[in-house]
Amino acid sequence: MVRVVETLRNVYQIDLEPGGFSNLVSVYAINTGKGIIVFEGGAAVSGNDLKNTLRGLPGTVTHAFITHVHIDHYGGTGALLELNPNIEVYVHPRGSKVLPNPDIVWAPAREALGWLGEIYGKPFEIPSRNARETKDGDRITIGDVTVEIVHTPGHASHHQSFIVEPWKILIVGDAAGIYVKDLDYIIPTTMEPLRFDMYVDSIKKLIAKNPSYIAYTHHLLVPNAVDLLNRHLRQLDVWAKATEEVVRERLGVKELEGILVERDQDLKRVYDRLRSMKAHYHLFSMAVDGLYKYFLDLETKRK
Ligand SMILES: [Zn+2]
C-alpha cells in the first residue's frame with residue numbers, strides 16, 4: 001500500500017509503507033512545471049511502488065535528491081531509471097561512490113538495522129553517470145522550483161539537507177530526528193556511527209536558514225519547522241547530559257533508557273505507546289544505543 005497526499009500545491013507526500021509499516025518512510029515529489037523532482041528514494045522494497053506512483057503524476061521525473069546513502073533513504077531511487085534513464089541523482093560527494101556499488105552500505109545496514117534492514121532490502125544500483133555531486137550552498141533551479149543544498153553531517157558524514165523554494169520546505173532526512181505525529185514526539189536520529197557535535201551544529205545551521213515547513217523522511221511534512229528544530233535541540237541537551245552521567249557512572253544502556261524516560265518529559269508522556277510501535281521503537285533503541293556509544297568512546301579517549 002502507498003498513500004499519496006498533495007500536502008501543499010504541487011507537493012506530494014508519498015508514504016511508501018515498507019513491510020506494511022505506515023508512518024515510517026516517505027518520499028516527496030514536486031511538480032516543477034518542467035517535470036517532477038523527487039526527494040529521497042525510500043527503501044528498495046518500495047522501489048516499484050514508488051515508480052508506479054510517480055508514473056501517475058503529471059510530467060517525467062527529471063531529478064532525484066537524496067539526503068544520504070542509508071538504505072531507507074535512497075534504496076529505491078535506482079528503480080526510477082526505468083522512468084528516465086537520464087535522471088540526475090544529487091548526492092553528497094562522500095556518498096557518491098555507493099551509488100554504483102550498494103554492497104558498500106548493504107552489509108553494515110543489515111548488521112545495524114537487523115530485521116528492519118531485511119525488510120528494506122538491498123538498494124538498487126545507480127550508474128555513476130547519473131550521479132551529481134553537490135557542494136554546500138549550491139542552488140539548483142528547475143522550472144518554478146529552486147533547491148538549496150545544505151551539507152548537514154552528524155547523523156552520517158555524507159548527509160545533506162535541502163531547502164525547497166518558493167515554499168521554504170526543509171527536506172531534513174535524518175539530520176534532526178524522526179517525527180512521530182501520532183505521539184507528537186521526536187525520536188533523535190543519533191544511531192551509530194554518530195558525530196554528536198556535528199549533529200547539533202547541523203541543526204543550528206538549518207535553524208539559521210529559517211525554513212517554514214519541515215518534511216521528515218520519517219515521516220511527514222509539517223509547518224513550524226523552526227519550532228520543531230529548537231524543540232529537538234532542547235531535547236538533545238537533556239539526552240546528552242543524561243548519557244554523559246550514565247557513562248561516567250559506568251551504567252549500561254538499559255539504565256540510560258530508564259533515566260531518559262524520567263528526564264525527557266515528552267518521552268515520559270508517550271513511552272508506553274512508543275514501545276507498542278515495533279519499527280519506531282526499534283529505531284528509538286538504536287538512537288539511545290548510538291548516543292551511549294558516542295559518549296563511551298569520548299570517555300575512553302579522554303583516559
Ligand atoms: Zn540515516
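1. The secondary structure of the chain amounts to nine helices and 15 strands, where helices (H or I, at least four residues) and strands (E, at least two) are DSSP runs numbered from the N terminus. This is a predicted model, in which local features need pLDDT of at least 70 and side-chain atom pairs count only at pLDDT 80 or more, while totals for chains, interfaces and linings use all residues. Residues are numbered from 1 along each chain as its sequence is written.

2. The radius of gyration of the chain is 18 Å, close to the 19 Å given by the globule rule for 303 residues, so the chain is as compact as a globular protein of that length; the radius is taken over C-alpha atoms, and the rule is 2.2 Å times the number of residues to the power 0.38. Along its principal axes, the C-alpha trace spans about 55 × 40 × 35 Å.

3. Of the 303 residues, 46% count as buried, a residue being buried if 20 or more other C-beta atoms lie within 10 Å of its own, exposed if 12 or fewer, and partly exposed in between, with C-beta atoms placed from the backbone. Among contacts between residues at least 6 apart in sequence, 65% join residues at least 24 apart, where a contact requires C-beta atoms, placed from the backbone, to lie within 7 Å.

4. Two cis peptide bonds deserve a look. One joins glutamate 165 and proline 166, with omega about 15°, and proline 166 sits in the loop between strand S10 (160-165) and strand S11 (169-173). Another runs from glutamate 192 to proline 193, with omega near -10°, and proline 193 belongs to the loop between strand S13 (185-187) and helix H5 (196-208).

5. Asparagine 10, although not a glycine, has a positive phi of about 70°; it lies in the loop between strand S1 (3-8) and strand S2 (11-15) and is partly exposed, with 17 other C-beta atoms within 10 Å. Asparagine 224, also not a glycine, has a positive phi of about 60°; its place is the loop between strand S15 (221-223) and helix H6 (225-248), where it is partly exposed, with 13 other C-beta atoms within 10 Å.

6. Helices H5 and H6 pack at an angle of about 160°, with their axes 10 Å apart; axes are lines fitted to C-alpha atoms, for helices over the stretch in contact, and angles run from 0 to 180 degrees between N-to-C directions. That makes H5 roughly antiparallel to H6, given that angles under 35 degrees count as roughly parallel, over 145 as roughly antiparallel, 65 to 115 as roughly perpendicular and the rest as oblique. The crossing is left-handed, meaning that the near helix is turned anticlockwise from the far one by less than a right angle, whereas clockwise would be right-handed. Residues in the contact include Phe196, Val200 and Ile203 of H5 and Val226, Leu229 and Asn230 of H6.

7. The axes of helix H7 (residues 253-263) and helix H9 (residues 278-302) come within 10 Å and cross at roughly 115°, which makes H7 roughly perpendicular to H9. This crossing is right-handed. Val253, Leu256, Glu257 and Leu260 in H7 meet Val288, Asp289 and Tyr292 in H9.

Conventions:
Contact = placed C-beta atoms within 7 Å.
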